[in-house]
Structure formats: C-alpha cells, structure tokens
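Hi,

Here is the structure I said I would pass on.

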Amino acid sequence: MKRIAIILSLVLAASALPAQTDTLPDSLSACGNGGRRQVNLTLGVQAGMKFNRTDYTPYDAPHSLLLQIPLVATIPLPVDRLTAIGGLRYDFEWSFLRYNVTRVDGGGIDLLTTPTTGRQTATMFHSYLGLTGEVQWQVVPGNHRALRLGLDYYVAYDVSHYLTIRTLDARNTYFGVLTSSDRTVVESGDPMFQPWKLEVGLTLSTDMLGIIHGVRFFTNLLPTYIDPASGTKIYNTGMMIYL
C-alpha cells in the first residue's frame, strides 16, 4: 500500500504541475542571428503497454504495464525540424510471466513441473531511475503534432525489484471466484536481478490519434536477469504502445 500511495502522489503532483519554460542566453544560442532559443521544462506522466520478445524460459513475460514520470527539457536544434529532449525519468514496470514458475534454492526461478490443480500468477516488478535522451525529427513541416520520429536512450538503475508468485486454489465459488491463495515473494536480494539498464529505442509518435500517442521499438543492451543456476543472460526486446 505504501508503494501504491507514493506512485499515486507522484502522478497527482505531476498532473497538477504546469509546464515551465526558460530560454538560453544569447551566448549559448546556436541561432545565427544571435536570437534566443526557447527551452521547455516539463514534468509529466505517461503510461503504456509493452510487448516483449518471448523465449521459452522461466523469465518469459510477453506483456508488461509501464508508468513513466519524466522531468525533461526540450530544446529546438539549429537543424530544421530537429529537437533534443533530455532529463530524468522514473519508470515503474509490472511484467506478467507466461509460465508457472517456482523459486530455486540459491537464487532464480525455474519452470514448475509439478502437476497443479489451481492457477498461478507471477508478476515481476521493477522501478528504474535514470537519465533519458532523445533526438526527434518532425516529419511533417509546420505541424509538430502530426508525426515525429525519435531516436532515444535510457540509462537507469533498478531502484527496487521483486517477484510475486500467487498460487490460487482450484475450489471455486458459484461465481467462479478462487477461494484462497498461497503467496510467495522473491525479494530484491535474489542474484537473478541485474541493477542496470541501458535501453535504446526508435519511436513514432503523434498527437492526432486520440488514445494512442506513439509506438516505440526498444532493446535493452544489458541483461535484465541472469539465471544463477545456468548463467543464462535474459535480455528484454520488444515494442511499446504509449497511451
């Protein structure tokens, strides 16, 4: 509950805070006429769903929910239709494992091979704090809302992470509600978790489609997990849809 309260507080604070603007002094401006280049400083909230590349491993999580809180500066570049964006970003990510898994002595998880009569849900949680940077190109001249193409990076530290495994009893009520559950939490000290992320991405974004604001293709150049038993490195690559 404490974690949820903190996230909600950040979301509400970011939603209530208007964007601030400042300008670079002439000495820092790249404009040939000595003009002033406007810098926008924005604190916001954005959410989306990730579709990850799937492998037959215990760590396979084809879907993730993502909440991002960026504090970034937007600077128009002297090259026509190019904009630089950079700053801090805090990510909260919930990944839902595909297979039934079990905790392994010594660290990590493995596929559950014991027959079960119930149902299991397993969720990986990560919160990342790091630096983000992007160069955007305005595809349609004179209309920055129509379509933008961006190349970006995100280097971040995994502030907190854990795995929650819930095994639900097969005995149902009349309405199909499962009656009991057995909850196992794999804490952040497990050696399978890796502390750093170095993610690069390609984004197509627009403000003209309503609920969907962009599609991003990404890959993490560092492993998200390393299985302690086999030493296998698990990388995260896929696509994200911004809402």
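S188 sits in the loop that links β10 (181–186) to β11 (196–205). This is a predicted model, by the way, so read everything below as computed from its coordinates. With 40% relative accessibility, S188 falls in the partly exposed class, because that class covers the range between 20% and 50%. Leaving aside residues up to four places away in sequence, S188 is in contact with H161 and F193. There is also D158, 30 residues away along the chain, whose C-alpha atom is 9.9 Å from that of S188.

Another loop residue worth a look is R81, which you will find between β4 (63–76) and β5. Its phi is near 70°, so a positive value in a residue that is not glycine. Is R81 buried, exposed or partly exposed? Partly exposed, because its relative accessibility is 26%.

Now for the overall picture. The protein has 243 residues, and 35% of them count as buried. Its secondary structure consists of one helix and 15 strands. If you take the contacts with a separation of 6 or more, 61% of them are between residues 24 or more positions apart. The accessible surface comes to about 13700 Å², and carbon and sulfur atoms hold 62% of that.

How far can you trust the coordinates? The mean pLDDT of the protein is 82, and 80% of the residues score at least 70. Among the elements, strand β5 (residues 82–96) has the highest mean, 97, while strand β1 (residues 20–23) has the lowest, 36. Across residues 1–35 the pLDDT is below 50, and this stretch still has 41 contacts in the model beyond near neighbours in sequence. Where pLDDT is low, predicted coordinates should not be read in detail.

On to the strands in the middle of my notes. Strand β8 (residues 119–138) has 14 of its 20 residues buried, so the rest of the structure largely encloses it. What does β8 pair with? One partner is β5, which runs antiparallel to β8 and is joined to it by 15 bridges. In that pairing, A84 stands opposite V135 of β8. Another partner is strand β9 (residues 148–168), again in the antiparallel sense, over 20 bridges. There, A122 has I165 in β9 as its bridge partner. When you look at the side chains, remember that in a regular strand they alternate between the two faces of the sheet.

The search of the whole structure turned up two cavities of 30 Å³ or more. The largest cavity holds about 240 Å³. Its lining is made up of 20 residues, and those nearest the centre are Y59, A61, Y225, Y235 and N236. The elements that give two or more residues to this lining are β5 and β8.

For N100, which is 11 residues from L111 along the chain, the C-alpha atoms of the two are separated by 6.1 Å.

Cheers

Note on methods: Residues are numbered from 1 along each chain as its sequence is written. Side-chain values use heavy atoms; hydrogens and water are left out. pLDDT is the predictor's confidence in each residue, from 0 to 100. Helices (H or I, at least four residues) and strands (E, at least two) are DSSP runs, numbered from the N terminus. Contact means heavy atoms within 4.5 Å. Buried means under 20% relative accessible area, exposed over 50%, partly exposed in between (1.4 Å probe, protein chains only). Accessible areas come from the Shrake-Rupley method with a 1.4 Å probe; for residues, only the protein chains shown count as cover. Two strands pair if DSSP finds at least two bridges between them. On a 1 Å grid over the protein atoms alone, a cavity is a set of points where a 1.4 Å probe fits but cannot get out, and a pocket is an open set with protein on both sides within 12 Å along at least five of seven lines; lining residues have an atom within 4 Å of a point. Grid points are joined across faces, edges and corners, and a volume is the space filled by probe spheres set on the points.
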